[in-house]
Amino acid sequence: MNWKKYLKIILILAMLGAIIWLGYWFFTKSPVGQQLTKVVFPPSEKAPPGQTEQEILQAQKLQILTQNSIFDYWVNKKTGDIYYIAKTGEVTKKSKTEETMVNSQTINNLHSVLASPDGTSAVAEFNYPFSTTFSVFNTENNNWKVLPDQTLSVAWSPKSDELLYLSQKSLNRLGVVNQKIQKVLDMTQKDLQLQWISDNRVFLLPTPSIEFPSDLWALDLSKKTIIPASEKENGLTINWSADSNFGLKLSNKNRIPTLKLIDKNGNELTTLSFMTLPSKCLIETNKIFCGVPKTIREGVILPDDYYKKAIYFDDVIYMIDLSTGSSKPILDDNISPIDAEHLELIGSSLLFKNRLDDKLYSLKLE
């Protein structure tokens, strides 16, 4: 029996066991080892079971800016402050790391919020739908000012200091500062959206529905003339770029939706290869940012089901470069699903509201 050989094996195994035990004690029991573990493997970067490295990186780029759910938000382009309005009407300002409620007045049945191009003011539509009222919030004094009675819809001038509003009998211009009202023309059409895209050009668009074909009409404010800007289309909805040079148009043919890029005159430039809603996109200079559903189940009617909140999506957020025609996902495989709407750029971050939790998110682009 070669006892020396067996003794050698036993000694080697004992030494290995001692090394393993010392390593375990050093990293789990000793203060120095625990501190080293924190430096090399920060808890915030450890992946939960099943989480990939890509998901960790995505989570680090994505932040939730609001603790509570919101109705909508806007950005003051002059100061960089973010304003968000609660579903009950309270307005909060977020400035860097500080957050302050600037107006505690409550509002019933809030329906829409439309910010001026520079973000210094915003119009809220509330008491919807039976006693609809419109009021302007001014970020300089943090107060509301009610618009004339029987206002049905509004649009901001590209210069931010004037509103166009439709009443029961006429279309009117209102100076936000001097409160001077000027009638543009008589009009009794009630179900219209107003889109003021240049000094003298306004688009008039009926509320979109796949059940009823809509005409896009162009109003010349200087000549006070209205001409058709497109043929009748079902479910017609448009979201314009800030400079109104481009728009994204959704319409249906035989209940099949298509998404197209159009110019400032409403002319179609190209059909996009993906499907989403214009309100889930932002056109900024030569780039388009869109929340694009990973799947859209069969039988979904767009845009009706989306606006009725009969359908929610799980999005990939894409960036499309108009100068090259290339596209790439900038948020994919996130830990929690995102149904993005109302996208805005602020610095190097993309803001959006998540319809799934009604909170405001920020996505770092760099």
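Predicted model: local features only at pLDDT ≥ 70, side-chain atom pairs only at ≥ 80, totals over all residues.

In what order do the four strands of the open sheet run, and is their pairing parallel or antiparallel? The order is E14-E15-E17-E18, and the pairing is antiparallel. From one strand to the next, the twist averages 25°.

Within this sheet, strand E15 (residues 201–205) pairs with strand E17 (residues 217–220) over four bridges. Leu204 stands opposite Trp217 in E17.

Is Ile226 buried, exposed or partly exposed? Its relative accessible area is 35%, so Ile226 counts as partly exposed. Beyond its neighbours within four places in sequence, Ile226 is in contact with Met187, Leu204, Trp217, Ala218 and Leu219. Between Ile226 and Arg201 the C-alpha distance is 9.9 Å, with 25 residues separating them in sequence.

In soluble globular proteins, nonpolar side chains tend to be buried together. Here the largest nonpolar core has 19 residues, and among those with the most contacts inside it are Leu248, Phe274 and Ile288. Strands E20 (246–253), E21 (256–263), E23 (281–284) and E24 (287–293) each give two or more residues to this core. The largest share, three residues, comes from E24. Setting aside sequence neighbours within four places, Ile288 is in contact with residues including Leu248, Leu261, Leu282 and Tyr318.

Finally, the charged pairs. How many salt bridges does the structure hold? There are 18. In one of them, Arg173 meets Glu162, with the closest N and O atoms 3.0 Å apart. Arg173 belongs to strand E12 and Glu162 to strand E11, so the pair ties together parts that are eleven residues apart in sequence. Both Arg173 and Glu162 are buried.

A second salt bridge joins the side chains of Lys280 and Asp339, at 2.6 Å from N to O. Lys280 lies in the loop between E22 and E23, and Asp339 in the loop between E26 and E27, so this pair ties together parts 59 residues apart in sequence. Lys280 is buried at 0% relative accessibility, and Asp339 is also buried, with a relative accessible area of 0%. Lys280 and Asp339 belong to a network of salt bridges that also includes Lys87, Glu341 and Lys353.

Terms used: Residues numbered from 1 in each chain as written. Heavy atoms only, no water. Buried < 20%, exposed > 50% of the residue type's maximum accessible area, 1.4 Å probe, protein only. Contact = heavy atoms within 4.5 Å. Core = buried A, V, L, I, M, F, W, Y, C linked by side-chain atoms within 4.5 Å. Pairing = 2+ DSSP bridges. Axes fitted to C-alpha atoms, helices over the stretch in contact; angles between N-to-C directions. Salt bridge = Lys/Arg side-chain N within 4 Å of Asp/Glu carboxyl O.
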